[in-house]
Amino acid sequence: LVFGLLVALYLGTQGAQEQHVRVVLGGAAPEVTGVGLQYVAQDGEVAREAHFAYAKGTAPRVVSHEPKLPNGDYRLEIDLDTHDGRRAIQRQVTLGGGSTQVDVSSALTRDKP
């Protein structure tokens, strides 16, 4: 019985779990009209995708996403649609059932004078 419980607990940690990902747009959020997210697993397969569209000036400072994914390392590909065009950003993230924050605010402000 104990062995079965240990196996069930181990398999439960290997399956998809709700993850909490926060993409920080910061003060430049009003310039953002869309956010695209792709979670790419280590084998190169896209594990999950999401897209958020916003009317001009309404994007939140922090975009929240709760994908159901197994714990592990992912390449997070972030496409930010702005009034000035699209910016593509990649970040390596480790998802472990907790909350993960990715700050992309510097990518939105670096080209401004």
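## Val23 and its surroundings

Leaving aside neighbours within four places in sequence, Val23 is in contact with Leu37, Arg61, Val62, Val63, Val102 and Val104; contact means heavy atoms within 4.5 Å. The model is predicted, so local features need pLDDT of at least 70 and side-chain atom pairs count only at pLDDT 80 or more, while totals for chains, interfaces and linings use all residues. Residues are numbered from 1 along each chain as its sequence is written, and side-chain values use heavy atoms, with hydrogens and water left out.

Val23 lies in strand β2. Helices (H or I, at least four residues) and strands (E, at least two) are DSSP runs, numbered from the N terminus. Val23 counts as buried because its relative accessibility is 1%; buried means under 20% relative accessible area, exposed over 50%, and partly exposed in between, with a 1.4 Å probe and protein chains only. Val23 and Ser64 are 41 residues apart in sequence, yet their C-alpha atoms are 6.5 Å apart in space.

## Chain and confidence

The protein chain holds 2 helices and 9 strands, in the sequence pattern α-β-β-β-β-β-β-β-β-β-α. Of its 113 residues, 34% count as buried. Among contacts with a separation of 6 or more, 63% join residues 24 or more positions apart. The accessible surface of the protein chain comes to about 6,700 Å², and 51% of it belongs to carbon and sulfur atoms; these areas come from the Shrake-Rupley method with a 1.4 Å probe, and for residues only the protein chains shown count as cover.

The mean pLDDT of the protein chain is 88, and 88% of its residues reach 70 or more. pLDDT is the predictor's confidence in each residue, from 0 to 100. Confidence is lowest in helix α1 (residues 2-14), with a mean of 65, and highest in β3, at 97. Where pLDDT is low, the predicted coordinates should not be read in detail.

## The sheet that holds β2

β2 belongs to an open sheet of 3 strands in the order β5-β2-β9, with mixed pairing. Its edge strands, β5 (62-65) and β9 (99-103), each pair on one side only. The twist averages 20° from one strand to the next; axes are lines fitted to C-alpha atoms, for helices over the stretch in contact, and angles run from 0 to 180 degrees between N-to-C directions. Two strands pair if DSSP finds at least two bridges between them.

Strand β2 (residues 20-24) runs parallel to β9, with 5 bridges joining them. Between β2 and β5 there are 4 bridges, and these strands run antiparallel. Bridge partners in this sheet include the following.

| Residue | Bridge partner | Strand of partner |
|---|---|---|
| His20 | Ser99 | β9 |
| Val23 | Val102 | β9 |
| Arg22 | Ser64 | β5 |

In β9, Thr100 and Val102 make up a covered face, whereas Ser99, Gln101 and Asp103 make up an uncovered one.

## The four-stranded sheet

Another open sheet has 4 strands in the order β4-β3-β7-β8, with antiparallel pairing. β4 (46-53) and β8 (85-95) are its edge strands, each pairing on one side only. Here the twist averages 15° from one strand to the next. Strand β3 (residues 32-40) and strand β7 (residues 72-82) pair in the antiparallel sense over 8 bridges.

Gly34 stands opposite Asp81 in β7. With a relative accessible area of 18%, Asp81 is buried. Not counting residues up to four places away in sequence, Asp81 touches Glu31, Val32, Thr33, Gly34, His51 and Arg86.

## The nonpolar core

Which residues have the most contacts inside the largest nonpolar core? They are Leu25, Val35, Tyr39, Leu76, Ile78, Leu80 and Val104, in a core of 24 residues. The elements that give two or more residues to this core are β2, β3, β7, β8 and α2 (105-109). A nonpolar core is a set of buried Ala, Val, Leu, Ile, Met, Phe, Trp, Tyr and Cys residues joined through side-chain atoms within 4.5 Å.

Ile78, one of the residues listed for this core, touches Val35, Gly36, Leu37, Arg87, Ala88, Ile89, Val102 and Val104, not counting residues up to four places away in sequence. In soluble globular proteins, nonpolar side chains tend to be buried together.
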